[in-house]
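Dear colleague,

Please find below the structure that I am handing over to you. My findings follow directly after it.

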Amino acid sequence: MARRRFLGSGVHALRGLLLLLLLRLPVTPGTTCPTPMSVEHADIRVKSYTLNSRERYVCNSGFRRKAGTSSLTECVLNKTTNTAHWTMPSLKCINASSYSSRETTVIISTSVTLSVVFVVSALVTCIKLRRIFQPTAVEMENLEAMPMTRGSSSREEDQRNY
């Protein structure tokens, strides 16, 4: 009798498993994704619509991929609805000419900064060179500080010299 209970409980478990398998919709062989969604200013050339295939969007001419965004999309299966779909790419294509104007602004501001640094360093060098090549000052003797040794007045000396 113990054997029958074991076999009976196994049959019930098997029925439950079969019921679960029937309720879960199987993936139909050959399930494919629909056409990928459109992304502004970008195109995609899909090579494969099969599950787990990966594709990349390419920004149109005159546009660039914004830094930090991804052009990747993948064909995945939604297990709840049992349907395939493409993942949502985070791609943003921005106008390449606006990107270039930012580059130009950076280049101009860098050039101006370098020019200012050059002018300031040239002035500092010029000032240093003027100090190096300036003639040294000759100190004049202070005659009043020197004692007179002869005892004659300066008038007498002047008269003798002339």
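From the N terminus on, the order of elements in the protein chain is α-β-β-β-β-β-β-α-α, which comes to 3 helices and 6 strands. Helices (H or I, at least four residues) and strands (E, at least two) are DSSP runs, numbered from the N terminus. Please note that this is a predicted model, in which local features need pLDDT of at least 70 and side-chain atom pairs count only at pLDDT 80 or more, while totals for chains, interfaces and linings use all residues. Residues are numbered from 1 along each chain as its sequence is written, and side-chain values use heavy atoms, with hydrogens and water left out.

Of the 162 residues of the protein chain, 13% count as buried. Buried means under 20% relative accessible area, exposed over 50%, and partly exposed in between (1.4 Å probe, protein chains only).

Strand S4 (residues 72-78) pairs with S5 in the antiparallel sense over 4 bridges; two strands pair if DSSP finds at least two bridges between them. Asn78 stands opposite Thr83 in S5. The hairpin of S4 and S5 has 4 residues between the strands, and Asn82 takes a positive phi near 60° there.

In a regular strand, side chains alternate between the two faces of the sheet. In strand S5 (residues 83-86), Ala84 and Trp86 make up the covered face, whereas Thr83 and His85 make up the uncovered one.

Trp86 also takes part in an aromatic contact. A search of the whole structure finds 1 aromatic pair. The rings of Tyr49 and Trp86 have centres 6.3 Å apart and planes at 70°, so the pair is edge-to-face. Rings of Phe, Tyr and Trp (its six-membered ring) pair if their centres lie within 6.5 Å; planes under 30 degrees apart count as stacked, over 60 as edge-to-face and the rest as tilted. The pair links distant parts of the chain, since Tyr49 lies in the loop between strand S1 (42-44) and strand S2 (54-59) and Trp86 in strand S5, 37 residues apart. Are these two residues buried or exposed? Trp86 counts as buried, at 5% relative accessibility, whereas Tyr49 is partly exposed, with a relative accessible area of 34%.

Finally, among contacts (heavy atoms within 4.5 Å) in the protein chain between residues at least 6 apart in sequence, 45% join residues at least 24 apart.

Yours sincerely
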